[in-house]
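Here is my note on this model. Please keep the structure open as you read.

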Amino acid sequence: MRFAKMHGAGNDYVYVNGFAEEVTDPAALAQAVSNRQFGIGSDGLILILPSEVADVRMRMFNADGSEAEMCGNGIRCVAKYAYDHGLVTNKEIRVETGAGVKPLQLFTNAADKVERVRVNMGQPVLKRSLIPMAGPEAEQVVAESLAVLDRTFAITCVSMGNPHCVIFVDDVDAFPVELYGPAIENHPSFPRRINVEFVQVLASGEVRQRTWERGAAETLACGTGASAVTVAGVLTGRTDRRLLNHLRGGDLEMEWAEDGDIYMTGPAVQVFEGDYQPQ
Ligand SMILES: N[C@@H](CCC[C@H](N)C(=O)O)C(=O)O
């Protein structure tokens, strides 16, 4: 099975071209290829597939085999793969995801290879009923508290198609993400689990973020998470609608536009291609 290993700001996935390869059990394949000792090594698996409503379709599987609705860093790499491998020829394309069809703008280098991508991530959803939480439905969840282990956090929950819990902290580099991340991911309040963003505000237009990802552990970046952080920063009065987000693996330029859509611009990098023999 041919594959490409790609990353967006260090959030790395194995990409399989579903126009040419048939994958019968993507959940099992995701677990196998993601293993950093016995597999290729990645945060998960992304399939690039034909679409009836867009230029291409993507399906995204976390390292534990669970399928997610959307992947912000992944969709930029899907666009790069599709353009660089000739699946699309335009620099404005549409990608079908589990969270709807997303429009993307591709930026190429002198060799006509995609280097950066701007994605319209769509509008955030703030209703409990749509961000798989337990409890009463339909109110906004801008500032709630969540008791976890020995602490109670102020949280902002935002769905970007997939669920995120944003927590602002004073010193994100010193924060024990590996302790509170899994406890929040698997908290009874979130029956379908949740991605957790820990964020330090550096200035009104600049933050530093670390992410504990549902189904994967801490990753170097999360594009849907950076979108949720942009929303949470504005709603809690901490940040502007334009934000430079420093993640562990690189920077993302974020904007929550006046029309309500969130735009993310960031890198898409192919590291290598290869052949994988399913065990
Ligand atoms: N890293 C991704 C998000 C991947 C899916 C997530 N772990 C989930 O289960 O929702 C991104 O860049 O958005």
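1. Start with one term. Two residues are in contact if their C-beta atoms, placed from the backbone, lie within 7 Å. Keep in mind that this is a predicted model.

2. Look at the active site. The UniProt record, an unreviewed entry, puts the feature "active site" at C71 and C222. These positions are spread over 152 residues of sequence, yet they cluster in space. Their largest C-alpha distance is 7.7 Å.

3. Take C71. Its place is the loop between β5 (67-68) and α2. Is C71 buried or exposed? C71 counts as buried because 30 C-beta neighbours lie inside 10 Å, and the cut-off for buried is 20 or more. Set aside the neighbours within four places in sequence, and C71 is in contact with I46, M60, G223 and T224.

4. Now C222. This residue sits in the loop between β14 (217-219) and α4. C222 is also classed as buried, because it has 35 C-beta neighbours inside 10 Å. Not counting residues up to four places away in sequence, C222 touches N11, G72, N73, N195, T211 and E213.

5. Turn to the ligand. Which of the 18 residues around the ligand come nearest? They are A68, G72, N162, G223 and T224. Two of these, G223 and T224, are also contacts of C71.

6. Where does the shell come from? Helices α2 (72-84) and α4 (223-235) each supply at least two of its residues. Domain 1 (2-119 + 266-275) and domain 2 (128-260) each give at least three.

7. Last, check the shell's make-up. Four of its residues are nonpolar, 12 are polar and two are charged.

Note on methods:
Residues are numbered from 1 along each chain as its sequence is written. This is a predicted model: local features need pLDDT of at least 70, side-chain atom pairs count only at pLDDT 80 or more; totals for chains, interfaces and linings use all residues. A residue is near a molecule or strand if its C-beta atom, placed from the backbone, lies within 6 Å of it. Helices (H or I, at least four residues) and strands (E, at least two) are DSSP runs, numbered from the N terminus. Ala, Val, Leu, Ile, Met, Phe, Trp, Tyr, Cys and Pro count as nonpolar, Asp, Glu, Lys and Arg as charged, and the others, Gly among them, as polar. Domain bounds come from an automatic or database domain assignment. UniProt positions are given in the numbering used here, feature names are shortened, and annotations may be inferred rather than shown by experiment. A residue is buried if 20 or more other C-beta atoms lie within 10 Å of its own, exposed if 12 or fewer, and partly exposed in between; C-beta atoms are placed from the backbone.
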